[in-house]
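Please read the points alongside the sequence and the structure.

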Amino acid sequence: YSGGDRVSGPFKLKTDIGLLRYVHFTKVGDYVIDPQIIVPFGSVSLKEPASQSSSGVGDPLLGGTLWLVNRPEQKQWFGVSAFASVPVGQYEAARGGVNVGQNRWKGIFHAGYVTALGNDFMLDVILETAVFGKNDNYAGQTLKQDESFSAQAHLRYLVSPTTHWALSYFHDIGGETRLNGVAQHDRANNNRLLATFATFVAPDIQLQLQGGQSVHTENGWKESSRLNLR
């Protein structure tokens with residue numbers, strides 16, 4: 001999509017990505033923190049208009065969350081997160097955007113608020129911003145990207161203490177790119193929906209199934225379907 005209109009010609013991009021995540025919960029003074037590492041792996045395949053693919057381990061994320069408000073008895077939390085994406089993942093310059101790694105540093109920052117709505121519902125609201133370093137070998141060009149912003153809202157219905165349904169809304173803006181200083185006019189103003197079913201099958205094992213799709217895409221590829229298993 002470009003300027004809200006579908007670009008003529010075929011386009012098909014498929015991604016199969018897994019995340020290996022290690023989280024350690026601890027306390028610093030009166031505050032809970034969770035230093036963690038997230039390692040993406042999998043494949044990215046462009047089917048049309050050309051055939052190109054990449055697979056392997058992506059750029060790991062290092063960071064964590066600090067809970068400034070932690071009131072489990074009131075079902076109320078507020079936390080801030082920071083992550084750094086380290087450019088050591090699989091990347092081949094000739095493939096440009098069809099890569100598992102990105103060949104650039106990236107910083108991601110969150111502020112999240114969670115609260116109960118009565119006895120049966122929970123609301124999560126998360127604000128995010130991302131800043132990007134430059135990729136100095138993007139198919140022989142220099143790629144720079146403006147900061148991006150997103151907002152998420154997750155409304156959860158608590159079927160029981162161990163099971164819930166949820167409906168989530170995501171809205172992304174910003175992030176226009178430039179190649180060798182030339183603006184690509186691809187600033188995002190996109191949104192999507194996601195439905196979730198999650199249940200604990202044991203005290204320390206949760207299964208989660210999610211499905212969703214894009215609702216509106218101003219610029220970029222429109223996601224026809226998404227399936228998450230966790």
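1. E223 counts as buried, with a relative accessibility of 13%, since the cut-off for buried is under 20%. In this predicted model, its side chain meets that of R226 in a salt bridge, 3.1 Å from N to O. R226 is partly exposed, at a relative accessible area of 29%.

2. The salt bridge of E223 and R226 is one of four found in a search of the whole structure. Another joins R156 to D124, with the closest N and O atoms 3.0 Å apart. This pair links distant parts of the chain: R156 belongs to strand β12 and D124 to strand β9, 32 residues apart. Both R156 and D124 are buried.

3. A further salt bridge is formed by R178 and D146, whose closest N and O atoms are 2.8 Å apart. R178 lies in strand β14 and D146 in the loop between β11 and β12, so the pair ties together parts that are 32 residues apart in sequence. R178 is partly exposed, at 27% relative accessible area, and D146 is likewise partly exposed, at 27%.

4. Three aromatic pairs are found in the whole structure. In one of them, the ring centres of F121 and Y157 are 5.3 Å apart and the planes meet at 45°, so the pair is tilted. It links F121 in strand β9 with Y157 in strand β12, 36 residues apart.

5. F121 and Y157 also contribute to a nonpolar surface patch of about 550 Å², together with L117, L155, V159 and W165. Strand β12 supplies the largest share of this patch, three residues, while W165 is placed in strand β13.

Notes: Residues are numbered from 1 along each chain as its sequence is written. This is a predicted model: local features need pLDDT of at least 70, side-chain atom pairs count only at pLDDT 80 or more; totals for chains, interfaces and linings use all residues. Side-chain values use heavy atoms; hydrogens and water are left out. Rings of Phe, Tyr and Trp (its six-membered ring) pair if their centres lie within 6.5 Å; planes under 30 degrees apart count as stacked, over 60 as edge-to-face and the rest as tilted. Helices (H or I, at least four residues) and strands (E, at least two) are DSSP runs, numbered from the N terminus. Patches are made of residues with over 30% relative accessible area and no salt bridge: like charges are joined within 9 Å, nonpolar side chains (Val, Leu, Ile, Met, Phe, Trp, Tyr) within 5 Å. Accessible areas come from the Shrake-Rupley method with a 1.4 Å probe; for residues, only the protein chains shown count as cover. Buried means under 20% relative accessible area, exposed over 50%, partly exposed in between (1.4 Å probe, protein chains only).
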